[in-house]
Amino acid sequence: MMITEERPHFRTVIISDVHIGAPHAKVKEVTEFLGSVDCDRLIMNGDIIDGWQLKNSDDKWTMMHSAFFRVIMKMMEKHGTEVIYVTGNHDDFLDPLVPSKMFNISLVHEYIIREKDHSYVVIHGHAFDSITSHFRWIAKLGDIAYNALLKFNNVWNKTRQRHGKEYYSLSKVIKHKVKQAVSAMSGFEQDLEEFAKAKGCDGIICGHIHHPEDKYLRGGIHYLNSGDWVESLTALVEDQNGNWKVVKFSDFVHLS
């Protein structure tokens, strides 16, 4: 592993959808990413621990899972990083503990960033997904189908590699198309905009859909999405001037 020469320091780092416990979660990669940056505030925006998968997993908790949380504890110890854990739908087993605070860690359903020149409400986003919020059994069935697609994707790409073809994520494309269809039917982005305005914010930051985003919605609300650590391997960072950017794992850590 080789880390870039200059260690960046951000005002805020946001990750979501790590899905610790799921078979295809890139826990090693997200741990290396967090180990390569410093920040004043780390927001873990939902589905960090995948309670749905851990419940049925044969492997259960691993050393790599523990390493992920050790890196976060090191960030708190060395740099005084404030940690905010926003619950999602896969880690809803934490909901009975919300809201709570222990030392420098807050457990919440939503979090508002208010600064001099902007304000953002941070929320996982599953509440705006009509399938997830109203038809839990369909969401769980979709989760099973997605993990099956990820497994097929690995086999399919090994075949493509043998034929000299580049990697292509069929599972990512299908998931994004399904999420786009559901979002269009349920008015996902319109609901995001209305929620942000109701909170008195000019921006909203989500996870959930596993697709990084940085755009302005029709009503002028700035919509950011941190993506995921299953396929996208992306995060959101805010610099000291309040500028936001979607970053990729490969921007910070290079595997030799």
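**Sheet, helices and salt bridges**

Modeller: Thr 12 stands opposite Glu 238 in β12. Strand β2, residues 9-15, and strand β12, residues 234-238, pair in the antiparallel sense over 3 bridges. Two strands count as paired if DSSP finds at least two bridges between them.

Biologist: What kind of model is this, and how are residues numbered?

Modeller: This is a predicted model, in which local features need pLDDT of at least 70 and side-chain atom pairs count only at pLDDT 80 or more, while totals for chains, interfaces and linings use all residues. Residues are numbered from 1 along each chain as its sequence is written, and side-chain values use heavy atoms, with hydrogens and water left out.

Biologist: How many helices and strands does the protein chain have?

Modeller: The protein chain has 7 helices and 14 strands. Both are DSSP runs numbered from the N terminus: helices are H or I with at least four residues, strands E with at least two.

Biologist: In what order do the strands of the open sheet run?

Modeller: The order is β5-β6-β4-β3-β2-β12-β13, which makes 7 strands with mixed pairing. From one strand to the next, the twist averages 20°.

Biologist: Which strands does helix α1 lie across?

Modeller: Helix α1, residues 27-35, lies across β2, β3 (38-45), β12 and β13, and runs at about 160° to β2. Helix α3, residues 63-79, lies across β2, β3, β4 (82-86) and β6 (105-108), at about 140° to β3. Axes are lines fitted to C-alpha atoms, for helices over the stretch in contact (heavy atoms within 4.5 Å). Angles run from 0 to 180 degrees between N-to-C directions.

Biologist: What share of the residues is buried?

Modeller: Of the 256 residues of the protein chain, 51% are buried. Buried means under 20% relative accessible area, exposed over 50%, and partly exposed in between, with a 1.4 Å probe and protein chains only.

Biologist: Turning to charges, how many salt bridges are there?

Modeller: The structure holds 8 salt bridges, each defined as a side-chain nitrogen of Lys or Arg within 4 Å of a carboxyl oxygen of Asp or Glu. One of them joins Asp 38 and Arg 7, whose closest N and O atoms are 3.0 Å apart. This pair links distant parts of the chain, with Asp 38 in strand β3 and Arg 7 in the loop between β1 (2-3) and β2, 31 residues apart.

Biologist: Is Asp 38 buried or exposed?

Modeller: Asp 38 is buried, at 9% relative accessible area, whereas Arg 7 is partly exposed at 41%.

Biologist: And where does Lys 199 find its partner?

Modeller: Lys 199 forms a salt bridge with Glu 110, with 2.8 Å between the closest N and O atoms. Lys 199 sits in the loop between α7 (188-198) and β9 (203-206) and Glu 110 in strand β7 (residues 110-115), 89 residues apart. Lys 199 is partly exposed at 29%, and Glu 110 is partly exposed at 27%.

Biologist: What about Glu 189 and Lys 215?

Modeller: Their side chains meet in a salt bridge of 2.8 Å, N to O. Glu 189 lies in helix α7 and Lys 215 in strand β10 (residues 213-216), so the pair ties together parts 26 residues apart in sequence.

Biologist: Which residues do salt bridges with shared partners join into one network?

Modeller: The network consists of Arg 11, Arg 41, Glu 115 and Glu 238. Glu 238 is the residue that stands opposite Thr 12.
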